[in-house]
Amino acid sequence: MTRLLRWCGCVLTATMLIACGGTGGAGDGSSSITVVLFGDAEEIAGYHDLVEAFEDANDDLQVNLSPVATQDELMARLTTSFAGGNPPDVFLLNFRRYGQFAAEDAIEPAQSYVDASDVLDEADFSPAALDAFRFDGEELTCLPQNLSSLVVYYNRDLFEAAGLPLPRDGWDWHEFLAAAQSLTGDGVYGLGTEAWIIRLAPFIWSNGGEVVDDPDHPSTLTLTVDDATREAVDWFLDLQLEHSVVPPDAEEQSESSQARFLRGTLGMYMNSRVAVPVLRTIDDFEWDVAPLPVAPGGEPATILHSDAYCMSADLADHTNAWRFIEFAMDVPGQERLAASGRTVPSRVDVAQSEVFLEPHEPPRSSQVYLDAEPHLRTTPRTGTWSRVEREANALLEEVFYGRVEREEGLRRLEEDLRPLFDLSIGGTDR
């Protein structure tokens with residue numbers, strides 16, 4: 001039993017045991033596995049296509065796809081299932097969240113399976129995506145399906161109606177803010193963004209600052225430590241507090257930025273590739289994607305958004321779980337999800353193919369995601385980072401919407417959250 005199981009120490013109900021599944025028989029002599037992941041309806045449709053293709057090619061193995069709506073629900077599902085001793089065979093996790101499971105040896109390391117595979121070769125995948133899932137810095141813990149990044153989606157019709165030049169590679173913060181201000185008015189806002197650390201971080205890096213004191217062994221957030229970081233933090237907060245180009249608190253609570261963009265009342269919207277399946281339901285206006293703006297005199301920067309297939313460590317036999325992952329990571333599997341719009345493929349050959357770059361649906365500028373690879377940065381992958389990020393997001397949102405005074409909020413982000421870096425996974429001091 002792993003330390004994670006001892007930490008959780010809760011008991012599952014019989015219903016949840018059935019829901020979480022695990023390797024077993026399908027009742028007709030075949031075997032079955034359970035795959036848990038998150039996504040909205042449009043994203044999940046792509047995974048159903050993937051599972052259908054796998055089962056067509058493997059009629060002796062049934063896949064029970066068990067999706068949840070959000071990453072928070074996914075983390076709750078995984079924590080409960082591991083605690084009950086009935087984890088899923090395969091689960092999909094973001095690089096910022098797998099650390100707490102890897103730190104507790106709850107994940108079966110993927111490196112030896114890749115090394116022995118006749119189907120997959122490490123050289124076929126983006127090094128940036130792979131490196132994000134080497135928990136010890138050397139061997140692969142999970143296998144990343146995608147290599148997305150934070151980008152700017154924009155309403156092309158609103159830009160043209162306002163007489164604005166379309167966003168271009170290399171545009172800077174001044175041009176970005178000027179566009180947002182020009183687009184704001186008459187029920188339209190220039191920009192939609194969550195007040196999260198992963199939205200703020202690329203602007204800090206672009207301006208030459210840092211989010212934490214040590215990316216490999218962080219002990220605190222560093223939002224006020226140096227001038228470059230503080231300038232980027234203030235610029236980000238001012239989008240709401242001074243310039244009002246982002247919907248105010250009450251309006252954001254009543255309608256999300258994504259919903260507002262879908263309705264055509266938001267000029268720009270920051271998100272990763274995950275938004276594309278939903279944005280492809282738009283038929284009232286044209287939209288496209290652009291890179292993040294660059295700090296004046298700074299460097300291009302964005303943040304990795306990557307999810308990987310992981311196997312539960314406590315399975316008696318990983319053969320069937322690996323068979324599914326091999327299929328999902330091979331060319332046919334990655335092409336299936338790329339065609340759905342959900343992923344920027346981690347396989348270099350699929351990412352550079354027409355399946356991804358020249359679909360018959362938007363965005364027309366998908367090369368933006370591939371051009372971002374040299375500028376990708378990551379947040380820490382420590383066992384406690386997921387909790388640090390969750391607490392930081394809650395407080396940063398308070399500051400962003402003016403519920404907490406700026407200086408007080410930034411002080412608390414550094415001082416109040418510092419003890420979280422030193423917690424064990426169970427929440428007690430080391």
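In this predicted model, Glu-414 lies in helix H21, which spans residues 406-415. The residue is buried, yet Glu-414 has no salt bridge. The nearest side chain of opposite charge belongs to Arg-418, 5.3 Å away. A salt bridge would need a distance within 4 Å. A polar atom of the Glu-414 side chain does, however, lie 2.8 Å from the backbone nitrogen of Leu-223. Contacts of Glu-414 beyond four places in sequence were also listed. They comprise Thr-220, Leu-221, Thr-222, Leu-223, Thr-224 and Val-225.

The count of disulfides comes to 1. A disulfide is a covalent bond between the sulfur atoms of two cysteines. Here the partners are Cys-142 and Cys-310, with sulfur atoms 2.2 Å apart. Cys-142 sits in the loop between helix H7 (127-131) and strand E6 (143-144), and Cys-310 sits in strand E13 (residues 307-312), so the pair ties together parts that are 168 residues apart in sequence. The link of Cys-142 and Cys-310 is right-handed, with 110° about the S-S bond. Both Cys-142 and Cys-310 are buried.

Strand E6 also holds Pro-144. Pro-144 counts as buried because its relative accessibility is 0%, and the cut-off for buried is under 20%. Leaving out neighbours within four places in sequence, Pro-144 is in contact with several residues, among them Ala-129, Leu-130 and Phe-133. Ser-306, Asp-307 and Ala-308 are also contacts of Pro-144, as are Met-329, Gln-334 and Ser-346. Pro-144 and Glu-397 are 253 residues apart in sequence. In space, their C-alpha atoms are 29 Å apart.

Terms used. Residues numbered from 1 in each chain as written. Predicted model: local features only at pLDDT ≥ 70, side-chain atom pairs only at ≥ 80, totals over all residues. Heavy atoms only, no water. Disulfide = S-S within 2.5 Å. Helix = DSSP H or I, 4+ residues; strand = E, 2+ residues; numbered from the N terminus. Buried < 20%, exposed > 50% of the residue type's maximum accessible area, 1.4 Å probe, protein only. Lys, Arg positive; Asp, Glu negative; His and termini not counted. Polar contact = N/O pair within 3.5 Å; in protein donor to acceptor, adjacent residues only side chain to side chain. Contact = heavy atoms within 4.5 Å.
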